[in-house]
Structures are given as C-alpha cells and as structure tokens.
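Let's walk through this structure together, one region at a time. Have the sequence and the 3D view open as you read.

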Amino acid sequence: MIRKLIIFCLAGSGLMGNSLFAQILNNTGVHGNFELNAQYYDPDSAIGAPVVPEKMLSNGFANILITNGRFTAGIRYESYLNALQGFDPRYTGSGITYRYATYTSDELEVTVGNFYDQFGNGLVFRSYEERSLGYDNAMDGIRLRYNPLAGVYLKGFIGKQRSYFSVGPGIVRGIDGEFNTAEIFKSLADKKTRVILGGSFVSKFQKDDDPLLNLPENVGAYAARINLLHGGFSINAEYAYKYNDPSTVNNLIYKYGDAIYVQLAYAAKGLGLTLSGKRIDNMNFRSDRSAAVQDLNINFLPALPKTQTYRLATVYPYATQPNGEEGINAELFYTFKAKTPLGGRYGTGISINTSAINSIFTSPASNDTLGYETDYLKLGDVTYYRDLNVEITKKVNQSWKLILTYIFQEYNKDVVEGKPGVQNVHAHIGIADITYKINTKNSIRAELQHLATKQDHQDWAMAMLEYTISPHWFFSVYDEYNYGNEIKDDRIHFLNAALGYTRKANRITLGYGRQRAGLLCVGGVCRFVPASNGVTLSITSTF
Amino acid sequence: MKNVFLLISASLLLIFISQPLWAQEKGQKIPSIKVKTLNGQMFDTDSIVNDGKPIIISFWATWCKPCVTELNAIAENYAEWQEQTGVRLVAISIDDARTAGSVKPFASGKNWEYDIYLDTNGDFKRAMNVNTVPHTFLISSSREVISQHTTFAPGDEEKLFEEVKKAAGK
Amino acid sequence: MKKLIMLLFPVAIAIQSCDKVEGPYGEGGVPAPDNSVTINTGTITGSILDYSVVGATESDTSFLEAKWFYLESGDTSYAAIIFEWNGVKSDSLELSVSPAGPVHFDDTLSIAAGSPYGTLIFHYIADIGATATGTGTVIVTVATNQAARTVLLVDFTGQQCIYCPRGARKATELENLYGEQLIGIAVHAGSFAIPATSGNMYTYDFRTPEATQLATELGVQSYPNGSINFKKVNNNILQLYPAWGSAIANLLQLPPHADITITNSYDETARQLTTTIKTDFIKSLTGNFNLAVYLIEDNIVNWQKDADAIPVDNPNYVHRHVFRKSFNGLYEGEFIAASPAQNSSVEKQYSLTLSNEYNDDHCEVVAFVFYENTMEVVQAARMKIGN
C-alpha cells in the first residue's frame with residue numbers, strides 16, 4: 001500500500017514538477033550512437049564457408065551519453081545474438097558492458113566505472129576499443145586525472161579489465177606523469193626547443209595457485225619517455241621494462257621484458273619525413289597470464305608497417321610479435337607544387353613507406369626457466385617482414401583523379417600465422433584507384449588491384465566499381481579472383497555487391513556476396529576466420 | 001490490478017520526466033575534452049572557438065582514404081570558404097600510437113592549413129559519439145552541433161559549404 | 001546447448017581397475033612420478049636418490065613413515081628437512097651432511113584417518129654457511145584405497161598446431177603430479193587437425209565427428225585449448241594450458257561426490273569389449289546426471305608439428321590419450337540418475353567391437369558422470385581394456 005502511494009505521489013509530482021525538471025534538464029544533453037551489423041550466412045562448400053546453424057548472426061551496440069555541466073555519464077549496451085563469424089564466441093548474449101560517470105573540476109577529473117586510457121605510446125598501458133575486430137580491454141575501476149600545475153599532468157587508475165561480458169581475474173593499477181617543461185618553466189615557454197618528459201609505472205596482481213610452478217603474483221612494468229620538438233623536427237622516444245611475467249604467450253619463462261621505440265620526424269610545407277625504430281623483447285603483458293589472442297592485454301605494441309586499406313594489400317597483414325622483434329620504418333610524404341613539371345596542373349602527391357622487421361637475437365639461457373638471452377647489438381637472423389609502398393596521388397583535371405600504388409611485401413607466414421615450414425611470401429601488388437567525377441553530384445570510382453606471388457595461393461586480381469550520388473547514395477560491386485592458384489579448383493571468384501544510403505549521421509548498407517577467409521594469430525594461439533557467403537546488413541547512426 | 005496500477009504510474013512518471021528531454025532540440029555542445037596539439041601540448045576542446053563564426057570539426061585518420069579525400073577536397077577550396085564565411089576547420093585525428101607520429105608529416109606533406117589535433121585515446125571521439133571516420137560536424141556560432149555527416153562522396157563538400165554559408169548567415 | 005554438448009560425448013565409460021590401490025600407501029599400483037630434483041647452489045649439488053613411503057597395515061591409515069636420501073658433493077653442510085602430507089608439516093630435522101655419500105633419515109608423521117589420495121611434499125634446505133643456500137621440494141602422490149575425487153581434463157589439439165604439444169606436455173606434467181586423480185583426454189578437432197591432402201606428412205585423420213561437434217559446441221577457436229571438468233573458471237569454460245594446474249588443484253581440494261568403478265572384459269580374438277560402469281553416489285546430489293563413456297587410445301605415434309622441437313615436423317611424436325569413439329553411439333551421454341540419494345548406485349554395461357585400426361594394447365575406457373544441464377563433471381575414471 002505504501003509502495004503504491006509513493007509511486008502515485010512521484011507520478012503526480014512528475015506532472016507538477018514538469019517545469020522544474022525542464023529547468024534542470026535544460027542543461028542536460030543526451031546523445032549517443034548506435035550500430036548494428038547482421039549477416040545471413042549461406043553455406044558454400046566451394047569456398048569452405050561452414051554451415052551456420054543460426055543462419056543469421058548479428059552484432060549490435062548502442063552508446064548513450066548524458067552530460068550536464070561538469071558531470072558526464074554514459075552506458076553502452078551490446079548484443080551478440082550470436083556474434084558474427086570471426087568474432088570470439090564468448091561474445092554471446094546481451095547486456096550493459098560499459099558504464100561510467102565522470103566529474104571534472106578545474107584540476108581533477110574523476111571517472112568511476114569503465115574507462116579507456118593510455119600511457120605514452122601504450123608500451124606499458126593502453127586500454128582501447130576496436131569494435132570491428134571485437135577488441136575491447138576497457139578498464140573497470142577508478143581513474144583520476146590531475147593537473148596540479150600548468151604543464152604537469154598526472155594520471156592514476158586501478159581496476160580490472162573487461163573480458164567479454166565479465167572482467168578478467170587480474171587487478172591492474174598504474175600511475176603516469178607527463179611534464180611539459182615549456183609550460184612548467186615560464187622561461188622555457190618561448191624557446192624554439194620544447195621538451196616533454198613522461199614516466200609511468202603499471203603493475204598487475206593475479207593469484208598463483210599453480211601446483212607445479214611458483215608464479216609471480218605481482219608483476220610490474222615501468223616506462224620512461226621523452227618528446228623533443230624543435231621547429232619542424234621532433235623526436236619521440238620511449239623505453240619500457242617489464243619484470244618477469246611467465247604466461248602462455250611466452251611459454252612460461254621467467255625472463256624480464258623490454259621495449260624501445262624511437263621516432264624521428266620532420267615536417268615542413270609540402271614535405272613530411274618520419275624514421276621509426278622499434279625493438280621488443282618479451283613484452284606480452286596481460287592481466288591474466290593464461291590469456292591469449294586478443295584477450296586482456298594491458299599494453300599495446302604498435303606494428304611498424306603502414307596500415308593498409310586496399311583489399312589485396314591486406315592479404316598478408318603483419319602483426320607485432322610480442323615475444324620479440326626489431327625493425328625500422330621510413331616514411332616520406334611530398335607534394336610537388338602545382339604548375340611545376342612534376343606537379344602538373346594541380347600538384348602531385350607522392351608517399352613512400354618502407355619497413356624492415358626481423359627477429360631479435362637469442363641465445364640459450366644459463367637457466368632453462370629464463371628461456372633465452374638476448375643481445376641488443378646483434379640482429380636476429382629471421383626476416384619477419386619487409387615492405388615498400390609507393391603511392392602517387394594526382395588530380396589530372398577537374399573530373400579525373402588518380403591514386404597509383406605499388407607495394408612489395410615479404411611476409412613470414414611461419415611466424416605470423418604459426419605455419420612452420422611455409423616459405424616467406426614475396427608479393428608484388430599494383431593498385432590503380434581512379435575517380436571520375438561525372439558532375440557535381442555523381443561520381444564513379446574504380447579500383448583495379450593485382451597481387452602477384454609465387455607462394456601461398458599465388459596470384460589474385462581484384463576489380464571494384466563504386467558509384468556515388470552525393471549526398472545520399474552509393475552502390476559498389478567488386479570481385480576478387482584467385483586466378484593464379486596452383487589448385488585449379490581453388491580459382492574462385494569472390495563477388496560482392498553493396499548498396500548504401502546515408503543521410504546526416506545515419507547510414508544503412510546492404511551487401512551480398514562472398515568473403516574470403518582469414519587467419520588471426522597472436523602470441524602462441526591462432527584463430528581461423530572462415531569464409532562466408534550471404535547477405536550483410538549494416539546500420540550506424542549518431543543521435 | 002496492482003501491476004496495472006504500477007505500470008500506469010511508472011509510465012506517467014517516465015513520460016513527464018522525459019518530456020523536457022524530448023522537447024530539447026538543441027544539438028550537442030562541444031564538450032570539454034583534453035586532446036593534444038601536433039606539438040605535444042595538451043589542448044582543451046573548450047578552446048575551439050571561432051569568434052561566433054561557424055566551425056567544422058572533422059574526425060579523420062591517416063589510414064582512412066575517404067577522410068583524406070574529404071579533407072583534400074575541402075583544402076582545395078578552404079581559402080575561398082574562409083574568405084566568404086570565416087569558417088574554421090578543426091581536424092581531429094584518431095590515429096593511435098601506431099600512426100600518430102605520422103600525422104604532422106602527413107598533414108604537412110599535403111599542405112593542409114587546418115588546425116589539427118591528436119585524439120589518440122579517443123576521448124573526444126567518444127564524447128562526440130563518433131563510430132567510424134570520416135565523421136564531420138558543423139558547429140554553430142554558439143558552439144553546438146547543427147549538422148553532421150559520416151562517409152564522404154565527391155561532391156559532398158559542396159553540400160557542406162551550402163550548410164556553412166547558411167550557418168554563417170550568408 | 002548443454003544437450004548438444006552431451007550429444008557429442010556419449011557416455012564415456014571409464015573402467016576402473018580393480019587394483020586401484022594394493023595397500024594404503026603406494027605400492028605397485030600407485031603412480032610413481034619422476035620427482036627427482038637437482039639443486040645447484042654454489043658448490044652444493046644434490047638430488048633425491050630415492051624415497052620410500054612405508055605405511056602401517058592395510059587397516060591402519062593413521063600414520064605415514066617416510067625415508068629419503070640426499071646425496072651431496074662438496075663441503076660439509078647442513079641440511080634441514082621437513083615433510084608435509086596434505087598440508088600438515090612434520091618437525092624440522094637437522095642433520096649435518098658429509099660430502100661423501102648419501103644420508104638417510106626417517107621420520108613419521110601422523111595423518112588424518114581416511115585420507116584419500118594425498119600429496120606428500122619433502123621440503124629440504126641445504127646451507128653452507130654464508131656462501132650458498134638451496135631449497136627444493138619433491139612432490140609425491142600417494143594413493144589410499146579410499147575414493148578420491150578425480151578431474152577430467154579435455155585437451156583440444158591438432159596435429160598441425162605448432163603450440164599444441166605445449167598443452168600436451170602440461171597435461172603429462174599434471175598427470176605425473178596427480179596420477180589417477182587426473183583423467184586427461186586429447187580431442188583432435190578444428191582446422192589444425194585437418195589432415196594434409198598431399199605428401200606423406202600429417203595424412204592421418206585423428207578427427208571424429210563427436211570431437212568436431214564438441215569443439216564447435218564449446219566454441220573452441222584457438223588451439224591449444226582445454227577444459228577442466230567443463231567447469232567455468234573466470235567465466236570461461238575453456239582455459240589455456242597455464243591455467244590448467246591451478247584449476248585442477250582447486251577442484252581436487254573438494255571431496256569426491258561419486259565413485260566410478262569400471263570393469264572391462266575384452267576378447268582379443270574377436271576384438272569384442274564389454275565394459276561395465278558402476279557409479280556410486282557418495283553424497284546425495286540434486287539435478288539430472290548423465291554418464292558419458294569414451295574409448296581412448298593412448299600412445300599413438302604419428303606426425304605432429306611442435307614449435308619447440310627441431311625440426312618442427314616430428315614424425316615420431318607420441319600422441320597421448322586420443323579420443324577415438326564414443327560408446328553406445330548416443331550423443332548426449334546416457335541419463336543415469338535424477339537427484340540420486342547418498343550411497344545409491346547405478347550400473348550400466350556397454351559393448352563394442354574395436355576397429356582394427358586401434359592398437360588394443362593401448363586402449364582404455366574413460367567414463368565420467370556430469371550434470372545434464374551445465375555439463376559440469378562430477379567424477380571421472382579411466383581403465384585400460386586389458387588387465
């Protein structure tokens with residue numbers, strides 16, 4: 001009875017307090033976004049697409065964000081009924097997977113609940129999401145960001161990491177400080193050279209009840225970084241060290257781990273240059289020592305090679321080897337000015353990017369449990385990856401635009417995919433991306449790609465046509481054809497068509513066709529993403 | 001009976017509390033989020049101002065081809081747009097540690113004149129509810145979102161310019 | 001979903017040998033793991049030469065007597081020894097050890113009556129003054145004739161999966177540690193178990209429809225992978241091999257809820273196997289229980305990729321406890337009891353003619369009782385087919 005009375009009163013007050021609420025809520029913003037990806041799977045034995053018993057699989061999520069002055073709160077609801085092929089099957093069911101509240105004052109920002117953050121380049125800590133890959137290691141706990149003086153930025157957190165619809169077993173805590181000397185010391189504010197220093201310490205705790213081994217329960221890692229800027233030059237360097245952390249990925253060895261990352265860059269009008277070097281040794285760092293693939297990573301080891309977007313350039317994707325790798329990357333961006341011989345009428349852009357990655361030098365350790373010993377000055381002798389990308393962008397005239405790309409890749413399938421004995425793949429890829437603007441509203445884009453290799457599945461050719469009607473419609477059709485495959489039966493066409501409608505921040509896409517298979521190998525575990533054939537539907541919206 | 005009563009009361013409550021929310025038609029105000037400049041300085045998005053003139057905030061990444069196409073297309077006309085409307089384009093890069101270091105050389109190499117900030121942690125992206133890039137917002141003089149669009153097709157920049165002109169009162 | 005998982009594994013019946021234990025403490029039928037440990041500290045080197053565990057009479061299980069030997073070469077030093085049985089420690093004995101030869105001591109330790117399988121740990125500390133010290137432990141599994149809780153370990157593997165031997169080695173290590181308390185089986189499934197279509201390597205097909213179905217139902221996507229008693233740990237029904245030890249250790253601390261006795265009768269000429277599984281419920285339980293029975297073949301020598309071997313392709317790899325067939329052809333095991341009362345028992349009998357492909361010297365029957373709805377295993381057992 002009392003309950004009824006209370007609810008009635010509340011409802012009544014709602015009626016009367018409408019205007020009061022209106023005032024409070026006037027300052028409150030409610031916004032969010034929404035995405036749904038669904039696919040209907042047809043079994044297709046020719047390409048090895050497995051039978052999907054549910055027939056239709058879908059991933060969906062919605063974010064809702066509420067802001068009111070200094071206060072922000074948000075939730076995300078995810079639904080996998082069931083998860084699309086290629087996603088870990090532990091993504092199953094629906095629920096609220098992300099919720100937080102943040103209060104910001106002038107100097108201090110406090111977040112409780114889930115949050116994403118990173119320290120420096122992420123070598124000891126990075127928590128982030130990549131929904132399209134199903135990657136999400138959000139922290140669940142408390143985070144503080146403190147800015148006591150100008151130029152001093154401190155961060156601290158403690159929490160557990162997200163593991164699908166629950167949290168991992170390990171507790172992670174960390175602290176980071178970033179010091180911008182130009183802001184701290186007024187005398188340095190006007191100098192041309194600016195120095196930013198940073199340091200972090202992260203540790204994790206996981207209980208050890210292993211009957212055979214004595215595993216460390218607390219594992220710490222620290223990192224120090226410096227960012228030096230002088231006009232157009234900049235140096236960004238970070239060193240990280242991790243104490244012994246036996247885990248699945250490193251086969252339970254007790255060796256320490258470390259990583260060094262250096263990047264030199266120069267930027268001037270029309271010219272950009274970067275040179276990066278990286279060395280990683282045993283830097284797998286997870287909040288569950290028996291996690292693998294994409295679960296529960298505490299840190300982030302960025303891959304050196306260029307991120308590829310063209311389809312045939314992603315057939316051999318390199319993934320950082322957390323157990324050990326060293327490499328360099330050099331990149332050049334240059335625009336030849338318009339009205340010069342090389343620049344043509346509108347200017348020509350050229351970008352060159354090359355990487356070389358090898359294993360680290362290892363020698364047997366004095367003690368078996370340490371795994372191996374390494375030497376900074378010696379180079380490992382196994383080639384992991386080489387590439388050279390040359391891209392020329394040219395606007396020919398008001399209607400025609402060209403992007404021509406040549407890529408050479410040498411890819412160590414053995415190490416990256418866990419297929420020992422397979423030779424390295426040497427691939428030459430040529431891509432022509434041509435856009436023709438028919439009139440102000442209509443344009444058509446064609447992509448012609450070719451991958452030539454003597455290894456693996458040999459040669460591929462791909463052609464794509466995309467027709468867009470600004471601002472709402474687009475239609476595309478593409479075909480990937482493995483014409484050069486040694487096995488005649490595997491010379492298959494992967495034909496795919498898509499239609500999309502976009503309006504403001506809403507987009508709906510409908511596709512139909514075949515998708516080729518892929519493989520995901522991280523650390524000591526490999527996962528296979530099967531080929532598929534069917535209808536796909538994708539809806540995204542921001543409100 | 002009891003359940004029906006509860007349901008009715010709860011619905012009434014919900015309707016009347018949320019009514020003001022529905023009535024609210026304002027776009028999202030630019031939130032106050034810390035991002036970094038290309039020089040590594042901390043920058044608060046609160047400081048994205050343009051003297052009461054319209055602002056375009058475009059989320060992009062070096063690896064996102066349509067984003068680069070869009071920013072190139074606008075770059076060709078940027079000077080003219082600025083002259084006519086005083087608009088200012090702020091490009092927020094969501095490149096993470098893998099590619100963030102290339103943002104400055106990349107933008108310099110393309111001769112872009114925009115204000116570029118790095119949102120490597122994705123805080124600003126999440127605060128603006130951005131799912132995929134490109135995602136471009138047109139901000140009014142009162143720092144609220146007037147319109148937004150995702151994806152880019154050649155020719156879209158002209159539509160954007162029409163909206164900018166309208167926002168600038170031209 | 002659970003039903004489907006059950007479908008995969010028909011009742012696997014493990015036959016329990018009649019001589020589970022001869023006497024209260026390991027003699028003959030007890031697993032004798034290789035637990036010699038070497039300590040290298042400064043100039044001290046030593047190893048456990050031998051140990052024996054002597055008990056009282058069969059009926060008296062109240063004390064445990066242990067002797068052990070410690071050899072040391074180097075300077076005179078002192079050693080302190082403590083041994084521990086199921087968590088109870090003896091007093092520390094200190095003795096001076098001369099460099100010459102073995103030293104032996106004996107001590108007795110009272111233990112709780114009615115202990116099932118137990119873990120006997122020798123802690124030894126050697127010390128040469130201030131220059132070096134060394135410590136170590138030797139862990140021995142000792143069986144008694146009481147029912148002991150057993151745990152089922154399912155290892156998902158494939159012959160072309162280079163990291164899978166790590167899981168198999170871990171399973172063997174744990175089997176050596178826990179002896180008959182750990183029933184491990186290897187399920188070959190997934191893309192890494194697909195045999196090669198050309199050449200002479202990896203052409204044998206270890207897969208079975210039941211195994212493939214199980215891997216699919218549990219959502220196994222990465223290899224090697226495993227499940228302990230199909231019980232969720234940290235919300236995951238699958239665990240990677242470093243987590244197996246602690247999951248098993250935690251489960252084995254629980255008292256047994258059921259006891260499975262397997263009796264095999266095998267006619268070699270006809271290759272006809274008849275197996276009888278008797279499940280005794282030690283405790284009353286709520287829920288519906290199924291019994292799954294499998295035919296397992298141990299020690300199959302064939303190709304396996306091994307990341308830690310040189311060369312990686314090993315033609316003489318010994319595949320342990322390979323799942324061959326589910327008995328009685330039923331997918332969901334066989335329902336045997338609904339909320340059984342304490343001390344109730346159910347007996348089931350199955351027959352099978354072994355395929356000529358199987359080496360009957362290496363075959364064994366594995367049976368386990370599990371909750372029909374969650375699939376969680378209550379008790380498992382294993383018995384070789386020929387006694």
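Where is the kink in helix α2 of chain B centred? In this predicted model, the kink is centred on Asn77(B) and amounts to about 60°.

Among the buried residues of α2(B) are Cys67(B), Val68(B), Glu70(B), Leu71(B) and Ile74(B). Beyond these, the buried set includes Tyr78(B), Trp81(B) and Thr85(B). In an α-helix there are 3.6 residues a turn, so residues three or four places apart point the same way. The partners that the buried residues of α2(B) pack against include the strands β3 (55-60), β4 (88-93), β6 (135-139) and β7 (145-150) of chain B. They also pack against two helices of chain B, α3 (100-109) and α5 (156-167).

Next, turn to chain A and its meeting with chain C. Here 29 residues of chain A are in contact with 30 residues of chain C. About 2400 Å² is buried between the two chains, and carbon and sulfur atoms give 58% of that area. On the chain A side, β12 (166-180) and β29 (525-529) each supply at least two of the residues that touch chain C. The largest share, 4 residues, comes from β29(A).

Finally, a word on confidence. Chain A has a mean pLDDT of 88, with 93% of its residues at 70 or more. Over residues 521-526 of chain A, however, pLDDT stays under 50.

Conventions:
Residues are numbered from 1 along each chain as its sequence is written. Chains are lettered from A and ligands numbered from 1 in the order in which they are written. This is a predicted model: local features need pLDDT of at least 70, side-chain atom pairs count only at pLDDT 80 or more; totals for chains, interfaces and linings use all residues. Side-chain values use heavy atoms; hydrogens and water are left out. The bend at a residue is the angle between axes fitted to the seven residues ending there and the seven starting there. Buried means under 20% relative accessible area, exposed over 50%, partly exposed in between (1.4 Å probe, protein chains only). Contact means heavy atoms within 4.5 Å. pLDDT is the predictor's confidence in each residue, from 0 to 100. Buried area is the accessible area (1.4 Å probe) that two parts lose on being put together, summed over both.
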